[in-house]
Amino acid sequence: MKIEFAPLNVPFHRRLQTAAVVQWVFSFLALAQCCLAAYVLLCLSDWWVLGALYAGWLYLDRDTPSTGGRKSHWVRSWTMWHYFRDYFPITLVKTADLDPSHNYIFGFHPHGVLVAGGFGNFCTEASGFSTLFPGLTPYLLMLPFWFRVPFFRDYIMSGGLVSSEKASASYIISRPEGGHVAVVAVGGAPESLDARPGELTLQLLQRKGFIKLALKHGAWLVPVFSFGENELFDQMENPRGSALRRMQDRLQRIMGVALPLFHARGVFQYSFGVLPYRKPINTVVGRPIPVVQTPSPSKEDIENLHKLYIEGLTQVFEENKTNYGIAEDKHLKFI
């Protein structure tokens with residue numbers, strides 16, 4: 001395989017962009033393991049008392065990931081995130097005003113491999129969420145497993161990540177003062193196994209839990225489509241029914257975490273590696289769908305709202321696709 005190396009005269013700001021993305025990919029793929037190893041070593045060292053104290057803190061703080069987390073405006077505003085944004089670049093697009101007296105569920109599509117658009121737009125201030133949507137506070141939902149890892153949990157909560165447990169989402173969208181946004185990657189981990197350039201298949205037809213939650217708490221629904229999310233990585237061929245896909249599906253059911261075998265570019269060359277391609281991400285926030293609070297929604301209530309949501313998401317995609325390089329004859333496929 002011929003390797004295409006990066007030129008030596010790359011501008012310094014682009015090197016900073018790459019460094020910011022290296023940090024982000026490392027955080028997703030290895031930081032949790034490093035934090036766990038550091039904690040074990042701490043407990044086995046002469047400083048084991050600190051490990052014991054932290055264990056006590058973990059116990060006392062165990063409910064925080066399910067009760068809004070512990071967001072840090074300082075962390076969300078790091079200059080590093082601006083370089084992260086500009087690497088792709090990432091743009092947040094507003095199509096309608098959102099009343100901060102309501103709570104919202106943003107349905108984020110597609111999941112992609114590492115939810116880059118979701119992180120960049122809703123866990124940092126780099127794309128100007130607070131300016132575009134004044135009075136709203138976003139929380140990106142993440143698998144509960146990660147909030148059990150020492151130190152790592154505190155880092156991800158600082159950006160606005162919270163547990164994806166039902167109780168966690170309910171806490172956010174039931175706040176009486178309004179202005180809270182639960183951002184849900186609706187397709188979840190299984191959808192990441194189909195994330196590859198050109199893919200427009202979304203796992204949505206059987207995903208109705210977020211619809212029921214919206215009805216129970218009266219949270220308005222907002223469909224969000226992130227154009228370019230699936231263009232960031234290639235993935236090993238894993239068609240449904242193949243041995244690789246069966247193994248991935250089995251691991252996902254057991255562990256709750258998908259393991260897509262993805263690849264893209266490296267730090268000093270463009271031929272292979274786990275850094276994403278420099279492809280633009282345009283995350284379009286659609287029009288809100290009003291929801292009347294229904295404490296005990298019927299199956300019909302859920303089905304009707306689910307249908308409205310699919311229509312709203314389709315509208316967001318169809319109205320914007322040609323602006324972001326998708327052919328007129330391409331359409332979303334729901335499974």
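Buried means under 20% relative accessible area, exposed means over 50%, and partly exposed sits in between (1.4 Å probe, protein chains only). The model shown here is predicted, so local features need pLDDT of at least 70 and side-chain atom pairs count only at pLDDT 80 or more, while totals for chains, interfaces and linings use all residues. Residues are numbered from 1 along each chain as its sequence is written, and side-chain values use heavy atoms, with hydrogens and water left out.

**View 1. Helix 1 has a kink of about 60°, centred on A30.** Helices (H or I, at least four residues) and strands (E, at least two) are DSSP runs, numbered from the N terminus. The bend at a residue is the angle between axes fitted to the seven residues ending there and the seven starting there. Helix 1 covers residues 12-44 and spans only 42 Å between its end C-alpha atoms, whereas a straight helix of 33 residues would span 48 Å at 1.5 Å a residue. That expected span is 1.5 Å times one less than the number of residues.

**View 2. Here is what covers the buried side of things in helix 1.** Its buried residues include W24, L31 and Y39. Among the elements covering the buried residues are helix 2 (48-60) and helix 7 (152-158).

View 3. A disulfide here is a pair of cysteine sulfur atoms within 2.5 Å. The sulfur of C35 is 7.0 Å from the closest cysteine sulfur, in C34, and that is too far for a bond. C35 is buried, at 12% relative accessible area, while C34 is partly exposed, at 40%.

**View 4. E191, in helix 9 (residues 188-192), is up next.** This residue is buried yet has no salt bridge, and R207, the nearest side chain of opposite charge, is 7.0 Å away. Lys and Arg count as positive and Asp and Glu as negative, with His and the chain ends not counted; a salt bridge is a side-chain nitrogen of Lys or Arg within 4 Å of a carboxyl oxygen of Asp or Glu. Setting aside neighbours within four places in sequence, E191 is in contact (heavy atoms within 4.5 Å) with residues including P110 and H111.

**View 5. F151 has a positive phi of about 70°, though it is not a glycine.** Most residues other than glycine have a negative phi. F151 lies in the loop between strand 3 (137-142) and helix 7, and it counts as partly exposed at 31% relative accessibility.
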